[in-house]
Amino acid sequence: MSLMQSSLRGLLAVVLTAAVGCALAQSVSKPNVVVLATGGTIAGAGASAANSATYQAAKVPVDKLIAGVPELADVAHVRGEQVFQIASESFTNEKLVTLAKRVSALAKDPAVDGIVITHGTDTVEETSFFLTLTVHTDKPIVMVASMRPGTAMSADGMLNLYNAVVLAGDKESRGKGVLIAMNDDILSGRDAAKRVNIKTNAFSSQWGALGLVVEGRSYWFRAPVKRHTVNSEFDIDSISTLPDVQIVYGSGNMGTALYEAAAKSGAKAIIHAGTGNGSVADYAVETLKKIRASGVQIIRSARVADGLVLRNSEQPDDKYDWVVANDLNPQKAKILAAVALTKTNDPKELQRIFWQY
């Protein structure tokens, strides 16, 4: 063998070794992401590609969801677990607790860098807020859903799932609370809500998105300031059940029977989804005062999508011992009330919690 051939072989060996080493380093450096599947439209199937709004939810298992987006392997080591297979309107308090405990356990695993939860859109805002309040971790927890089943033309689930895995593996996502990945937006699980029931841009927050995911890269523009996750005083590891909280929707000529029925059924708090600034009709005030005197908390929220309910405006909340929900919509107020009531039944403490979370 000539000296030149020997040198070329040596150089080739060095190049191959470096290439293999680089490939191994890239493989090792990819984050480990667990996808917890609960069902919903993202796991749905329609009768034809033209069915974007008529379909059966919760049909596709998690392994097929992951296999349907092979590009996930480019951004993370992904494995899946099937927690539930339901439409999200069927979520109960028991299922919330079960899911949160599993998320908490995974978050404690040093081999897990981030968690994605596939979920139906109907109640993803409630689940995301519940996890924001109760799971103590700074690791990314990303909720993802879709407005169209995977069988539909222009289905949005594949890209949403890809973006969610990108976020869950992104170190920039740490410490920002539970996130929702929808329609390229990065939304806060604390204040994002479903506002459209057909289009893919269904989710938004009056305070705006936190950022965007574009072609596998996140772009951040703001961060949540309310207490969440690692800074929360609530911990799912010490919660086994949630008290019953009911919402009564305000409208003209609504009467008082629904409030009375909620109290009689054993509700520990009633969220008044009032008109305007959480307004209470004059004929309902005495009923709500009597219900509060019986020990049931009265929390004034609003059916209006944006804005906030001001304390002692419209009603003398201090005098009546009522609580206001600040900017939380009725369904999010329900979640916070249920979690808060696991710790206190003092309306002053409840109000402090509604200000801080």
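## Spaces and helix packing

The largest cavity holds about 40 Å³ of space. The model is a predicted one: local features need pLDDT of at least 70, side-chain atom pairs count only at pLDDT 80 or more, and totals for chains, interfaces and linings use all residues. Residues are numbered from 1 along each chain as its sequence is written, and side-chain values use heavy atoms, with hydrogens and water left out.

On a 1 Å grid over the protein atoms alone, a cavity is a set of points where a 1.4 Å probe fits but cannot get out; a pocket is an open set with protein on both sides within 12 Å along at least five of seven lines. Lining residues have an atom within 4 Å of a point. Grid points are joined across faces, edges and corners, and a volume is the space filled by probe spheres set on the points.

Searching the whole structure gives 1 cavity of 30 Å³ or more. Its lining consists of Thr137, Asp138, Lys139, Pro140, Ser173, Gly175, Lys176, Gly177, His228 and Thr229. By class, that is 1 nonpolar, 6 polar and 3 charged. Here Ala, Val, Leu, Ile, Met, Phe, Trp, Tyr, Cys and Pro count as nonpolar, Asp, Glu, Lys and Arg as charged, and the others, Gly among them, as polar.

| Pocket | Volume | Lining residues nearest the centre |
|---|---|---|
| Largest | About 600 Å³ | Glu126, Asn329, Pro330, Gln331 and Lys332 |

The largest pocket has 37 lining residues. Two or more of them come from each of α4 (93-107), α5 (124-134), β7 (193-194), β11 (245-249) and α10 (330-340). Helices (H or I, at least four residues) and strands (E, at least two) are DSSP runs, numbered from the N terminus. α10 contributes the most, with 6 residues. The lining of the largest pocket divides into 15 nonpolar, 10 polar and 12 charged residues.

Now the helices. Axes are lines fitted to C-alpha atoms, for helices over the stretch in contact, and angles run from 0 to 180 degrees between N-to-C directions. Contact means heavy atoms within 4.5 Å.

α4 and α5 pack at about 50 degrees, their axes 10 Å apart. That angle makes α4 oblique to α5. Angles under 35 degrees count as roughly parallel, over 145 as roughly antiparallel, 65 to 115 as roughly perpendicular and the rest as oblique. The crossing of α4 and α5 is right-handed; a crossing is right-handed if the near helix is turned clockwise from the far one by less than a right angle, and left-handed if anticlockwise. α4 brings Leu96, Val97, Leu99, Ala100 and Val103 to the contact, and α5 brings Thr127, Phe130, Leu131 and Thr134. By class, this contact has 7 nonpolar, 2 polar and no charged residues.

α5 also packs on α10, at an angle of about 35 degrees with axes 9 Å apart. This crossing is right-handed. On α5, the contact involves Glu125, Glu126, Ser128, Phe129, Phe130, Leu133 and Thr134; on α10, Gln331, Lys332, Ile335, Leu336 and Val339. The classes here are 6 nonpolar, 3 polar and 3 charged.

α10 in turn packs against helix α11 (residues 347-356) at about 130 degrees, with the axes 11 Å apart. α10 and α11 are therefore oblique to each other. Their crossing is right-handed. Ala333, Leu336, Ala337 and Ala340 of α10 meet Leu350, Ile353 and Phe354 of α11. The contact has 7 nonpolar residues, no polar and no charged.
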